[in-house]
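Please look over the sequence and the 3D structure below before reading on.

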Amino acid sequence: MSNMKLCTSSLILAVLAAHQAVYAAPSNCTTSSWTIGGIIPLDSTTCNLATVTAALGSCFTTVYPGNAAEAVQKLCASMEVPFGSIASTPINFQQDKNYMDGQTLLNYGNQSKVSENIAVFGGQMGRFLSTKAASTRLAWPTYQAVSASGYDSTGYMSNFHLNNSCASRVAMCCFTGTLSPATQSIPRNADACVHDISASKNSSHVRRGSTRFNITGNDAYCVGFSWSSDPNSVSNKYKANALSAISYAQTYTLGYSGNLPSAPMCGCVEQMPIVTKADCVSVDAATETGVNLIYQGNTSAMPLTAKLLTSVTYGNCNGNDLKTFYSTMSTVAEQTALATRIVESCDSSTAKFMNNRYWISGSKPAPVDPSKWKNVAGKGTLYFPSIGDSAFRSLSLTLRSDGRYPVVYRKCAQCSSVDYRDIYYQRKTPYPTNLDYLNNFLSNWTSVSNLIGIDFDLYGSYSDAISNKNAWTICNYDDPSGAIGFPRDCGKTALVAGYWNTWAIGASNSVTDPGVAFFVEVST
């Protein structure tokens, strides 16, 4: 094997001097005598079957007696450092995925707690950034945990799936805060416009929906990178390095964290919200000087691994923003497509997004005069989050200046009977403090301190309620299910079934579900 060269690091040289190890040589292909950690350099910066065969010479078949092509392919793939090894060993797919979605201690850890401080919790990330980021070519994020699960044979993280969601060859992170707000600030540079949740459903864990951001001022700091379609270009070969620079490096060195609601923190631009700007990170140069094959032992699953000798220089895309820099490596059609993701302003893009879904800007008429009625709870088309029993009591059980309790009003937008579309409840006596007053209306209409004609009266109009005219005459209560709310079967002159409401989980559907709400009269 006359063309084979074997060298070692200083540490291995010291071991060899002590043990007089025997190296592989033309006359010695007994790999058991080779030194673990010994280095065999290739005569090329390219690792493939030809260059590996040339380096190993007559020992090639000894090292790779079986499917040599497949084995060498795995060997050469090891030249790139797994992206997952940046943050943890062993590689933890779920941690990396959750980080890119904005949901780990790396994103929101309490920096005053040692166990959550990024210097401790993210210590491996810090060591990579300081010692390896400039001398390593990273592999694009793929994970054995994904491929072995049968979920996706490619092993790609969904945020950066080269086959499904990265057609534009652009990735981006949008940060909304910092790990230490008291000492760190974020240079917000982008308005967030809208987000199609279905595009990133594996991050939000919501199948479909959309978010319209309507926040005054810039919402986030967005930064990204792009890569050429040429597989031999620096931007393509080192795209994973650029990914680490816009994500882990931003969080570890600057404290940037947080994701826009419903969106991943980082992903290919197709999965990210539409925004107005993104700064740009680039790999400006990568000087590759050689490849070393490192002997791991003849009992190892991979007897040799490969290490690429490279020097990586990072930059800011010559001072250009992401959309401008992208024009140097993309077609006009691709630039047009990106211009729909990174836009000049939110106005037109948001209007188009909404129009494509048959939505129009504006607000629907309020079901009540907000100066006279306060929302308590609502469902369906009248949805309003429940204010809770304490707030409800404060509003409805405090006597007004005219000596009566405020009226409670239930509106049923789609009740077929006109009598049940608007019902007004006038309280006449105090209500026990140990009972849930609001639940009496929402989900469990009871007779306890709640008898018609004694504790309250019901009316079909507000004017009747305040003038005490035309009160309803009959009610029932206490459904055995404990899940039938106001007004069960109460009626003007006879019991009428079916117009009750319920908020109880797992309860039967009600005809009121499409749109029902409670309001309390504003006290004066």
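The model is predicted: local features need pLDDT of at least 70, side-chain atom pairs count only at pLDDT 80 or more, and totals for chains, interfaces and linings use all residues. Residues are numbered from 1 along each chain as its sequence is written, and side-chain values use heavy atoms, without hydrogens and water.

**The sheet**

Helices (H or I, at least four residues) and strands (E, at least two) are DSSP runs, numbered from the N terminus. Strands of a sheet pair through backbone hydrogen bonds, either parallel or antiparallel. Here four strands form an open sheet in the order β8-β2-β6-β9, with mixed pairing; two strands count as paired if DSSP finds at least two bridges between them. At the edges are β8 (266–268) and β9 (279–280), each of which pairs on one side only. Strands β6 (residues 221–226) and β9 run parallel and are joined by two bridges. Gly224 has Cys280 of β9 as its bridge partner.

Helix α12 (residues 239–246) lies across β2 (170–175) and β6, at about 170 degrees to β6. Such angles run from 0 to 180 degrees between N-to-C directions, with axes fitted to C-alpha atoms, for helices over the stretch in contact.

**The pockets**

On a 1 Å grid over the protein atoms alone, a pocket is an open set of points where a 1.4 Å probe fits, with protein on both sides within 12 Å along at least five of seven lines; lining residues have an atom within 4 Å of a point. A volume is the space filled by probe spheres set on the points.

| Largest | about 590 Å³ | 16 residues |

In the largest pocket, the lining residues closest to the centre are Ala77, Ser78, Pro82, Ala139 and Thr142. Both α4 (68–77) and α9 (144–149) supply at least two residues of this lining. Its residues divide into eleven nonpolar, three polar and two charged; Asp, Glu, Lys and Arg count as charged, Ala, Val, Leu, Ile, Met, Phe, Trp, Tyr, Cys and Pro as nonpolar, and the others as polar.

The lining of the second largest pocket has five nonpolar, twelve polar and four charged residues. Two or more residues come from each of α5 (93–101), α9 and α10 (201–204), and α5 gives the most, with five.

**Helix α8**

In α8 (residues 123–131), Gly123, Met125, Gly126 and Phe128 are buried, meaning under 20% relative accessible area (1.4 Å probe, protein chains only). The buried residues of α8 pack against α6 (105–108), α7 (118–121) and α13 (248–254), where contact means heavy atoms within 4.5 Å.

Methods
Buried means under 20% relative accessible area, exposed over 50%, partly exposed in between (1.4 Å probe, protein chains only).
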